[in-house]
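The stops below are given in the order in which they may be selected.

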Amino acid sequence: MTSYREFHRRSIEDREGFWSEQAKLVHWEKPPSRILDYGRPPFARWFVGGETNLCYNAIDRHLGARADQRALVYISTETGEERSFSYRELHAEVQRAAATMQSLGVGRGDRVIVYMPMIPEAAFAILACARIGAIHSVVFGGFAAASLAARIDDARPKLMVTADGGSRMGKVVTYKALVDESIRLAKHPPRHVVIFRRGLDKSMQTVAGRDLDYAELRERHRDAKVPIAWLESNEPSYILYTSGTTGNPKGVQRDVGGYAVALAASMRHIYCGNPGETMFTTSDIGWVVGHSYIIYGPLIAGMTTIMYEGVPIRPDAGIWWKIVQDHKVSVMFSAPTAIRVLKKHDPAYLSKYELSSLRHLFLAGEPLDEPTHSWIAGALKKPVIDHYWQTESGWPILSSVPGVENTPIKFGSPSFPVFGYDLKLLREADATEAGPGEKAVVAIVPPLPPGCMSTVWGDDERFVKTYFGTFRGKQVYSTFDWGIRDQDGYYFILGRTDDVINVAGHRLGTREIEEAVNMHSNIAECAVVGVADSLKGQMPLAFAVAKDASKLDSPEARKTLEREVLETVDKQLGAIARPRAVHFVSLLPKTRSGKTLRRSIQALAEGRDPGDLTTIEDPGALEQIRNALKG
Ligand code: PRX
């Protein structure tokens, strides 16, 4: 058996040989003429000239051997529904959705925004786009109308697909009403909105001519046969917006062929998911984990995928393990926050169900602390694999790779660089390599492997500048994460190098939150920092300067303004970005050149030393932060 080290070495030293072998895991209508074109660094073009399709690989390819096997199982503990679709049924549903899109003028290269709760129709819409070569852009349902509008204006979709409502902890979220508002705010609204009615929002309004009913259109295209659009490997498959240092989100653009191959390779070598088995990923389709491992990955591997609408503790904290038992789940993927939530409940829930089908639990999205890692591994008595990656990479960067070699797990570590990634820990100052035990930037020497982002949608320059501009004179991809490697070669991730924070596995930019806070008419300026939280990993905390300080003359007045500011954030960004508190100060700590000292504020909020303060303009500002935190 190959050792993992050897497998990884070959993926870097003989890139093209390695990936041409992995490419055999998917169907190519036309084989690639070149494995890698790296003629225009740092843009890597994989499987050039090859023609394939993500929907074909996810569905049609399995119809011969597994038409009657379940492809998708939908379980909602919010509405009590359970529906499942065989590969044959999924094929039919996706063709209905694809024909609907075509009838509305959507074709190859057109964008479709999917703003949907966790229901099967969301998967149908996504796969339908892939089938006809349209570019989907799924927006997480937790984002508010203004965020959605910004994404509409960047992607300029021809069509949006939504539902009347979603449900979280029994509370209805009115998706369609949010879409209406976002369209009012947008400069480039779509021509049509297709709405799947769940009966959750009885007072839903429609706009004649623009709004169309999913069920009606589905009926009209019941027997539709929609041929596959064979796409050149490097054509875009989707855009997924993610947060960065600036306020405007970046559209991470993905290709077709490289993504298909990377996912297929990860399903085999990392997740060890076999055809006919079941995978349960507890994320949301609005995040990259949902794209890769609720929809495309497991289906490409011929597995049954579980789509779960609900929270981990309703009806009780055993629900996920019941699903594992009832559906004989062999691969499970979740996030550390969820495990920390479960840890607060009775451990008996973990021994109540028969979990013999489960081989591994994978966790990602935020740092997995050692106590949580060892607790869940002990409670499940299964290997729990921490793995690290990003929206940009689309699939794991650091992980144990049990399909190749069962390397021992170290709690709190996502193990080693995954095949295809020429990963380095580089010193920020001069891009030289850090030694064992030395904290440095996690970087990837390009070309990035297949599956990683191809560019920022509509902005090649931003792609190069943002991701390859960290180290002067060296074109290396920065993950914007700090990392460290121990004597045995195990990596540990130590948090972001930029202003991105991670709240319960949701990635948010503190600048975006600051812009939302600033939308309140009585806020002059603010600083938002991420502070450690025992459950969610991090929480945003805001410090704001009011324009009219006379409105803050009593504790009640402060409370009122705080509440209004929090409501503004809910409205602009969504409740996921709501700060834990808003503290009012009369000035923010800044350097003499006017840069807000966010790191010092964060350090104080976490009870640490504020660090080097030689550049501070007015030390009194920091005193105010200290007092605000005490008060
Ligand atoms: O900071 C890292 C953190 O989450 C960021 C990426 O978030 P997102 O784009 O939403 O993609 C999530 C895909 C799983 C990273 O830059 N992160 C992700 N996984 C880990 C992690 N931090 C520590 N340990 C991890 N396993």
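Begin at Lys328, which is found in the loop between α12 and β18 (329-334); helices (H or I, at least four residues) and strands (E, at least two) are DSSP runs numbered from the N terminus. This is a predicted model, in which local features need pLDDT of at least 70 and side-chain atom pairs count only at pLDDT 80 or more, while totals for chains, interfaces and linings use all residues. Residues are numbered from 1 along each chain as its sequence is written, and side-chain values use heavy atoms, with hydrogens and water left out.

The phi of Lys328 is near 45°, a positive value in a residue other than glycine. Most residues other than glycine have a negative phi. Lys328 is exposed, with a relative accessible area of 59%; buried means under 20%, exposed over 50%, and partly exposed in between (1.4 Å probe, protein chains only).

Next, select Ser415, in the loop between β21 (398-399) and β22 (416-417). Ser415 also has a positive phi, of about 65°, but counts as buried at 1% relative accessibility.

Two prolines follow. The peptide bond from Arg314 to Pro315 is cis, with omega near 0°, and Pro315 is found in the loop between β17 (304-309) and α12 (319-326). The bond from Pro446 to Pro447 is likewise cis, with omega near 5°; Pro447 lies between β24 (440-444) and β25 (455-456).

Now select helix α7 (residues 145-155). Eight of its eleven residues are buried, so the helix is largely enclosed by the rest of the structure. Just after α7, Arg156 takes a positive phi of about 50°.

For the largest nonpolar core, which has 120 residues, select Trp19, Leu127 and Trp395, which are among the members that touch the most others. Such a core is a set of buried Ala, Val, Leu, Ile, Met, Phe, Trp, Tyr and Cys residues joined through side-chain atoms within 4.5 Å. Helix α6 (residues 120-132) gives this core its largest share, ten residues.
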